[in-house]
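Grab your viewer and work through a few exercises with me. Each one has a task, then a solution in steps.

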Amino acid sequence: MKLQKVIKWTGIAVLVALFLTFLVGFIAYWRSSNDCYRYSAIPANPMKAIVYCEYGPPDDVLKLEEVEKPAPNDNQILVRVRAVSLRFYDGGMLQGGVGRLIFGLRKPKNTCPGSDFSGIVEAVGRNVTEFKRGDEVFGVRAGALAEYICVRSDGAMVLKPRNITFEQAASIPTALVALQGLRDTGHVKAGQTVLINGASGGVGTFAVQIAKTFGAEVTGVCSTRNLELVRSIGADHVIDYTQEDFTKGDQRYDVIYDLVNNRSFAERRRVLKPGGICVLAGVGGSGMHNDTLFNLAGALTASLRSRFAKEKFVFFGVDINKKDLGVLRDLTESGKVMPALTKTYPLTETAAAYKYLETGHAQGKIAITVE
């Protein structure tokens, strides 16, 4: 009799917990909002910016609006934006989906997209000593698709390389994913063999070049139309995945830097050398696609399974910091790394840029010019 009561009250407790969880989630969903109401006021000091107030397709939600120009405080730098490059997840920010857990449940929290920028310092706060008016800079700051942004003096921004365009400079922050994934997670060293799966994309093109700066022998995996691009940025070997499966070849690798995650644990482990590392750096193309969650689940499974094997499958989180942006600037100024910028769009065609990104097969980097 006592056991039946325990089972009964346990069931009730579970139902109550589920109801409360649903109720909390429901309230959080409907309370989530954004600051789009401020765009209805006429700005005193107008500037142009891309805004989106709801989730949806780029053509439907991205608007070019006049908004209030920001003013720097004592510890900020006002930057006149010249270019913004798109990251692989930017398309997912617009569409919502599982991205709502990060970007806002019901509506996007940050209503101005874009983060990787380059530009010219327009003004500095009185406590700022590292930058001055006229400096050409690049870095990372949310809400960059606007004519002006304010960046904290301790924010992720450094001087722009002198030998590249603003559009190219805006592409550089993406390389943080490649630099840290290969250096800190993959521990790539001179003489090692490294395979880059997804070598022709925004991160992949940087990964090929950075692995070469470490002295590795690099193999890039890409489609037929991207073979020449990957060769041109320094890959020692190129595999056309439409013609050849790299997991069935005889070559073994010290490191696999995997931006696609479309192969099983066993397939990738087969081509790793004993004790090798597979860096899980992506989920296959830009935006959110039907196979994104499947690829992510496969990557998580591989990471767990590798705990019981000599070969390791490792996730990592990118650290956006000024020091590593400086490393990338120096590599670029020395000519060892160059952004593979393949498409540029004016600010008025931002929606077209996002639509191209969401195809999941964007070649190299995409930049939006802000005039």
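Predicted model: local features only at pLDDT ≥ 70, side-chain atom pairs only at ≥ 80, totals over all residues.

Residues are numbered from 1 along each chain as its sequence is written, and side-chain values use heavy atoms, with hydrogens and water left out.

**Exercise 1: the disulfide**

Find which cysteines are joined by a disulfide, and work out the handedness of the link.

Step 1. Look for cysteine sulfur atoms within 2.5 Å of each other, the cut-off for a disulfide. There is one in the structure: Cys36 is joined to Cys53, with S to S at 1.9 Å.

Step 2. Now locate the ends. Cys36 sits in the loop between helix 1 (2-31) and strand 1 (46-51), while Cys53 is in the loop between strand 1 and helix 2 (58-61); the two are 17 residues apart. Helices (H or I, at least four residues) and strands (E, at least two) are DSSP runs numbered from the N terminus.

Step 3. Check the torsion about the S-S bond: -100°, so the link of Cys36 and Cys53 is left-handed.

Step 4. For accessibility, buried means under 20% relative accessible area, exposed over 50%, and partly exposed in between (1.4 Å probe, protein chains only).

Which two rings form an aromatic pair, and what is its geometry?

Step 1. Take the rings of Phe, Tyr and Trp (its six-membered ring) and pair those with centres within 6.5 Å; planes under 30 degrees apart count as stacked, over 60 as edge-to-face and the rest as tilted. The count comes to one pair.

Step 2. That pair is Phe265 with Phe313, at 4.8 Å centre to centre and 45° between the planes, which is tilted.

Step 3. Phe265 belongs to helix 9 (residues 265-270) and Phe313 to strand 13 (residues 312-315), so the pair ties together parts 48 residues apart in sequence.

Step 4. Phe265 is buried at 7% relative accessibility, and Phe313 is buried at 2%.

**Exercise 2: charges over rings**

Which rings have a lysine lying over the face?

Step 1. The test: NZ of Lys or CZ of Arg within 6 Å of the ring centre and within 35 degrees of the ring normal.

Step 2. Lys69 lies over Tyr148, at 4.2 Å from the ring centre. Lys160 does likewise over Phe166, at 5.1 Å.

**Exercise 3: helix 6**

How many residues of helix 6 are buried?

Step 1. Helix 6 covers residues 175-185, and nine of its eleven residues are buried. Among them are Leu176, Val177, Gln180 and Thr185.
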